[in-house]
Amino acid sequence: MNDTPVAADGFATLGLEQALVDAVASLGYEEPTAIQREAIPPLVAGRDVLGQAATGTGKTAAFALPMLHRIGRPRDGARPVRGLILVPTRELAMQVAEAVHKYGRALGVRVLPVYGGQAVRQQMRGLERGADVVVATPGRALDLIRRETLRLDEVTSVVLDEADEMLDMGFAEDLEAILSAVPDKRQSALFSATLPPRILAIAKRHLHDPVRVTIANEKTPAGEAPRVRESVYVVQRRHKVAALARVLDMESPTSAIVFCRTRTEVDELAETLNARGYNAEALHGGLSQEQRDRVMRRFRDGASDVLVATDVAARGLDIEHVSHVVNFDVPSSPDAYVHRIGRTGRAGREGVAITLAEAREQRLLRNIELLTKRKMRVESVPTVHDLRARKLQLVRAALEEALASDAGLDRYRTVVESLAQEYDVLDIAAAAVKLAGEAGDGAPPGDEDDIPAVPVPQAREGRPFTAREPHQRAPRVDGNVLRIYVGVGRLGGIRPGDLVGAIANEAHIPSSAIGAIEIADRFSLVEVPADEAERVIKALRGTTLRGKKIAVRLDRGR
Ligand code: AMP
């Protein structure tokens, strides 16, 4: 029996003060990320560090925890600045300050963000009241140094975060000036997503014999690459839950694991999904063995269809195969990604791996692609229209089934008969379909709005990840299939639902028998059972799609 939660043991071995270990445990971190494992011990030991890590890897904690460890519990009285963190943007200043505040609260450490764009007087007053850690953009830091409100003579640790960004924004000279204003006898850490020569030159000038830490890109052993459709949805953080819900509705997974970074996130997300009508279970290191067993039993029996889990909790789980792996956040290292999605696409089966990413996490995605040597598709979050179309497909399939079995329809016929005296039977049926389509449409109010697409910024080096690929529907057909070419694509406004609808209506093929659908810009490809292909082609030729006659033939392309 293991009733003790999987505590942040990993963090306990890094040499950090207990209050900090407790702080990360209370935030729901179950184990250090790769960059934290590598950077924290040397920083705690007083070494300088040159780290290559992008946003999303957990690098903030990698430098903030050792900084707080070294500062310790500030004494009463004068509070000189002991830690200085330089960041490129105001957003990052606020974000890093918030993280430092969260980690250092138990120690009573005071942190102050200072950045351009906010009244300098207010920040000066903040500095006069005393701050142990200052998180600053270089321009504003220099301004405050010159006004002699930001005094750096007691600084013991300096961090340059996103150093390449700071150079790109033209802060090179400011950085030099700031670094020469801090005592030589200090600890320095420099973190950057890339390490071009100009960054190495700064490191050479200002870091003393730094320990270099990089998130290793280990090779995936041959033969481990799963057969998985890998998709990315780029969304803003606040739209993530809604986006996840839509993607789940569209994909209707038979079994899915949704990975989150922290226990807190796992609990919250499981709760939100349940409130939205999914059967979700939370699994993390804070559960007793008994609780875990129960969760796993329910998942295996199909009583729950979504398992929301942390990496630690999912490790060593005896789950044979899931249809979908969802990364609610981009995993902190490419290895973690490979490990997670290895739970789908097993034993030659099809799997789907879905990653929700924020625009700023594109570098992590690129690192993953470098490791897997596969491209992820960037897809658009399904619109309300897509979901309605999908819902109607499901209603239609259910109706077909009910009609085929004909069981228990008698008591409804009398209702239809009495309505038929006043209305057209077709209208009655349409109204019934409408009601069935709307039933259980539990989307909370406000979720009608479209989730704004986030423009995917171009990476500075090469393509970030697959820009835009044909839309694909999960293949669901076994046995012999043939691919049909349809001469209209995305530019013609075609959606998978249109094709499914047309084929199902015109050729009378149940939508469940239609396989993969690819929608390219100017054409689409649909897989259908080989023995139905001719009928489908004939039927489609005799109809219109989006109001137009279109070319339809057997695809001999591949
Ligand atoms: P960063 O790369 O510093 O921007 O961190 C990305 C996200 O990961 C933040 O939301 C952190 O709160 C979270 N995070 C950092 N370290 C861990 C960890 N060891 N376990 C779980 N989440 C973490």
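**Notes on a predicted model**

1. Let's start at Ala436: at 36% relative accessibility, this residue counts as partly exposed, because buried means under 20% and exposed means over 50%. Keep in mind as you look around that this is a predicted model.

2. Where does Ala436 sit? You'll find Ala436 in helix H19. If you go looking for Arg396, that residue is 40 residues away from Ala436 in sequence, and the two are 9.6 Å apart in space, C-alpha to C-alpha.

3. Now for the helix pair. H17 covers residues 384–405 and H19 covers residues 425–438; their axes come within 9 Å and cross at roughly 120 degrees. That angle is why H17 counts as oblique to H19. As for handedness, the H17 and H19 crossing is right-handed.

4. Which residues do the touching there? On the H17 side they are Lys391, Leu392, Val395 and Leu399, and they meet Val433, Ala436 and Gly437 of H19. Sorted by class, the contact of H17 with H19 has five nonpolar residues, one polar and one charged.

5. Over to the nonpolar cores. The largest one has 45 residues, and the members touching the most other members are Leu65, Ile85, Tyr103, Val133 and Val135. Several elements each supply at least two residues of this core: helices H2 (18–26), H3 (34–44), H4 (59–71) and H5 (90–104), plus strands S4 (133–136) and S6 (187–192). Which helix gives the largest share? That's H4, with eight residues.

6. Tyr103 is worth a click. Leaving aside neighbours within four places in sequence, Tyr103 is in contact with Leu20, Ala23, Val24, Leu27 and Tyr29, and also with Ala61, Ala64, Leu65 and Leu68. Apart from this core lies another one, of 35 residues, including Val81, Leu152, Leu190 and Ile202.

7. Last stop, helix H7 (residues 138–146). Which of its residues are buried? Pro138, Arg140, Ala141, Leu142, Leu144 and Ile145 are, so a charged residue, Arg140, is among the buried ones. The cover over the buried residues of H7 includes strands S2 (83–86), S3 (111–114) and S4, along with helices H6 (120–129), H8 (163–168) and H9 (172–179). After H7 comes Glu148, with a positive phi near 60 degrees.

Notes. Residues numbered from 1 in each chain as written. Predicted model: local features only at pLDDT ≥ 70, side-chain atom pairs only at ≥ 80, totals over all residues. Heavy atoms only, no water. Axes fitted to C-alpha atoms, helices over the stretch in contact; angles between N-to-C directions. Helix = DSSP H or I, 4+ residues; strand = E, 2+ residues; numbered from the N terminus. Parallel < 35°, antiparallel > 145°, perpendicular 65-115°, else oblique. Left-handed = near helix turned anticlockwise from the far one by under 90°. Contact = heavy atoms within 4.5 Å. Core = buried A, V, L, I, M, F, W, Y, C linked by side-chain atoms within 4.5 Å. Buried < 20%, exposed > 50% of the residue type's maximum accessible area, 1.4 Å probe, protein only.
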